[in-house]
Protein chains: 4
Amino acid sequence: MYDNLGKRLGAEFVGTAFLLATVVGSGIMAEALADGNVAIALLGNTIPTGAILVVLITMLGPISGAHFNPAVTLVFAVKRDISGGDAVAYILAQVLGGLVGVWAAHIMFDLELFQFSQKVRTGPAQWFAEGVATFGLVFTILATLRARENAVAMSVGLYITAAYWFTASTSFANPAVTIARGFSDSFAGIRPQDVLPFVSAQLVAGLIALWFCNWLLVNRQSDASMQQ
Amino acid sequence: MYDNLGKRLGAEFVGTAFLLATVVGSGIMAEALADGNVAIALLGNTIPTGAILVVLITMLGPISGAHFNPAVTLVFAVKRDISGGDAVAYILAQVLGGLVGVWAAHIMFDLELFQFSQKVRTGPAQWFAEGVATFGLVFTILATLRARENAVAMSVGLYITAAYWFTASTSFANPAVTIARGFSDSFAGIRPQDVLPFVSAQLVAGLIALWFCNWLLVNRQSDASMQQ
Amino acid sequence: MYDNLGKRLGAEFVGTAFLLATVVGSGIMAEALADGNVAIALLGNTIPTGAILVVLITMLGPISGAHFNPAVTLVFAVKRDISGGDAVAYILAQVLGGLVGVWAAHIMFDLELFQFSQKVRTGPAQWFAEGVATFGLVFTILATLRARENAVAMSVGLYITAAYWFTASTSFANPAVTIARGFSDSFAGIRPQDVLPFVSAQLVAGLIALWFCNWLLVNRQSDASMQQ
Amino acid sequence: MYDNLGKRLGAEFVGTAFLLATVVGSGIMAEALADGNVAIALLGNTIPTGAILVVLITMLGPISGAHFNPAVTLVFAVKRDISGGDAVAYILAQVLGGLVGVWAAHIMFDLELFQFSQKVRTGPAQWFAEGVATFGLVFTILATLRARENAVAMSVGLYITAAYWFTASTSFANPAVTIARGFSDSFAGIRPQDVLPFVSAQLVAGLIALWFCNWLLVNRQSDASMQQ
């Protein structure tokens, strides 16, 4: 990872921006073209999202660790792989980048810049789904870092590809993504009032995954964290 | 592989749970959204299943060998790569993990927890298909372990991606998966009374694949088994 | 590659059998489920075919070179990477394996074992398409062998994934595949009387690709052929 | 990279020809089969395009650098990784190759050889989308070259897979591709009068990406450019 915090934040910002431009932009494109078949629209949303994650984590991992996700940053802060101050800066860069990505998608598709989603995503089943999704994501990151570090980009992309379909919430699994998607009244949106429970479930599940990994992964040599 | 049997069983349990949550959860999602087009539903079931297999085998392989499949565990027990006692424990962990994964999918999608499938999957053509599917899976694992060990995760994911489509049974190829899918009355389900013939075909075909591999792969240097 | 010709032929036989079972089986499954939408059926035929090619070439490459294709065997025979006698044996194993694969698909899907296709695939545009498809396949194999040998399996799988869509003939690009598909009156079939022109275009285009590669690739160090 | 300019130009020519044959050919196939569902047609256009890019960059990268794209060649010329004279020759080879690829697709699909597109692709939102698409492509290339050079082929293929969906213009991101698509009145076409603004947006965005990368990527050791 770089010494220079500014460039690390630049990487988190631009990476999260491209992630959200992809999530929201491909959602708009897919829904517009899918002729009402939501499974086809979700395929057109899933494949780009999984693909861009592989790209962004591969290319920005050496700069900032390629978190793009406050839940992941929190886990690394608890693991003391990143300082508390840097973690706060990371999270701000991620949230800002996410918003810029959403707005870039709106400009590209000639939609109103500033929107709020009206899509209802609430209830215990959805929150449990977000918990499973985020547990799985953090577990994937931590276990793959130990098993084969240079497979993390591919594993995260494939994990999210799967989780878009196997979780009832289509796997937000990322507080910055959740907040940003509150600002788009499109396929990928979420009502602003539904954001906080999603984010809470994500953060709690991320910490449970860390606790589980601290048990499961302890047999092995030193931790090769996402940080270097 | 770990020395610690508890953690190995933990890896088999949680890996099989995520595998089944993906198989059953993505089946529920895909069928709900596909507007009656079963090919689209099967795409939405196939892509997540193939993806999660790559992820799970990559990250849990170094811990337990990442079998997640009693037929695979049986083959490695016959090859004496795992002791009989450990094999029995593995199989129990896989079956339990599979059930927990199915139930997690039901909770996420707000369905009744405890169900039995009513989907008929029977007859000689289906059993032959399961035989071909499992022969191919075990052949893939054993031959890829010798050809390029770190390609096993990708190869198994891609093999199952293909086998969902080229076998008439959509390739269960796994007794733990088959049992667990008996407990879900959804896209991926199988009637409980159809489970035993499927499992039998899988176990027999796995052993035939081992016998075939013992002939085909013998020219080569020492066996780098899935176990280390 | 193995010294033992019997095992090399075994690998060519079983590999081509699984390739054809996938091509024909996934075609049957996809057409049956796609509700008349041929693009969806072709997706359900393409993804399995590309996937199984990666699997089979990865796992059987070290045994036989993983040709599964008389046009490829012919090219390697002209390059003197395989003897004429071995080439003839390879081609017989591939054709037999292809037929067995088609028949296995028919059994799995409970269809009549012995069939002839009635699907018309003829005319100069189709033959030119087969030429382009096979030129590209042989070019991909020879250029990837020099550029990055362990990427050949992935490259061939991805090339065929593309060529199913960008060639008007859906890219048979393989005489053994073409002959075998003559024996299946299903999605992937071809009328027996249309087989010979396809095979001719494939063989000619393969040799043109070899001639082109002999010019383009000559700047580089010694040829690391598919054979070892 | 080769010393011999003729072979480097041969690689750029044939690579861009296969790229355009894939873009245009798969567009024709997909639209013909998709029964009016444009999302399915775009899937059938996206998957082949992403796949062939991985193949072509892997196999031709060691020969010419595998640009296939005047915007990329311009960036490397500004970086002084390629001389001005060679860059001009590269661009000519790319444009010619693109045209030949389009015409090959027309022959394969039995269409009139020489066509002009009538598809309107204009307006500030489309131009901004091309800017985002090309910024992202050049950023992907330069950052992946530094992060993990042998991942460039996979990253470019996955980036374009995503960008077909997240940009409103379906991500031409390549002046040679844009010009060539002007000559096909099919799914992938663009009206000739809309070409120049697209190309302008692409070139400007490519240079902005270079400027951004000069800031972001500077912390690291020497630049391992696409050239060797």
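This is a predicted model: local features need pLDDT of at least 70, side-chain atom pairs count only at pLDDT 80 or more; totals for chains, interfaces and linings use all residues.
**Stop 1: chains B and C**

Select chain B and chain C. Each side brings 37 residues to the contact: 37 from chain B and 37 from chain C. Together the two chains bury about 3200 Å², with 78% of that area on carbon and sulfur atoms. Look for salt bridges between chain B and chain C and the count is zero. Polar contacts do occur: five residue pairs, both partners at pLDDT 80 or more, link chain B and chain C.

Now colour the chain B side by element. Helices H2 (38-64), H5 (124-147), H6 (152-166) and H8 (195-216) of chain B each give two or more residues to the side that touches chain C. Which helix gives the largest share? H5(B) does, with eleven residues.

**Stop 2: the axis, seen from chain B**

**Stop 3: chains D and A**

Switch to chain D and chain A. The contact takes 37 residues from chain D and 37 residues from chain A. About 3200 Å² is buried between chain D and chain A, and carbon and sulfur atoms give 78% of it. Pick out D:Arg148, D:Trp165 and D:Phe166. These three supply 20% of the area that chain D buries against chain A, more than any other three residues. How many salt bridges are there between chain D and chain A? The count is zero.

Superposing chain D on chain A takes a rotation of 90 degrees with 0.0 Å of shift along its axis, and the RMSD is 0.0 Å. D:Ile40 is the residue of chain D that comes closest to the rotation axis, at 5.0 Å (C-alpha). Only 5% of the interface residues of chain D are also interface residues in chain A, so the copies meet through different surfaces.

**Stop 4: helix H3 of chain A**

Zoom to residues 70-78 of chain A. This is helix H3, and seven of its nine residues are buried. The buried set in H3(A) is A:Pro70, A:Ala71, A:Val72, A:Thr73, A:Val75, A:Phe76 and A:Ala77. Show what covers these residues: the cover includes helices H4 (84-108), H5 (124-147), H7 (175-181) and H8 (195-216) of chain A.

Check both ends. At the N-terminal end, A:Asn69 caps H3(A), with a side-chain oxygen 3.0 Å from the backbone nitrogen of A:Ala71. Just after H3(A), A:Arg80 takes a positive phi of about 60 degrees.

**Stop 5: B:Thr16**

Finish in chain B. Select B:Thr16, in helix H1 (residues 5-33). Is B:Thr16 buried or exposed? B:Thr16 is buried, with a relative accessible area of 0%. Now show what surrounds this residue. Leaving aside neighbours within four places in sequence, B:Thr16 is in contact with B:Phe68, B:Gln94, B:Gly97, B:Gly98 and B:Ala176.

Note on methods
Residues are numbered from 1 along each chain as its sequence is written. Chains are lettered from A and ligands numbered from 1 in the order in which they are written. Side-chain values use heavy atoms; hydrogens and water are left out. Contact means heavy atoms within 4.5 Å. Buried area is the accessible area (1.4 Å probe) that two parts lose on being put together, summed over both. A salt bridge is a side-chain nitrogen of Lys or Arg within 4 Å of a carboxyl oxygen of Asp or Glu. A polar contact is a pair of N or O atoms within 3.5 Å; within protein, one must be able to donate a hydrogen and the other to accept it, and residues adjacent in sequence count only if both atoms are side-chain atoms. Helices (H or I, at least four residues) and strands (E, at least two) are DSSP runs, numbered from the N terminus. Copies are superposed by least squares on the C-alpha atoms of residues with pLDDT of at least 70 in both. Buried means under 20% relative accessible area, exposed over 50%, partly exposed in between (1.4 Å probe, protein chains only).
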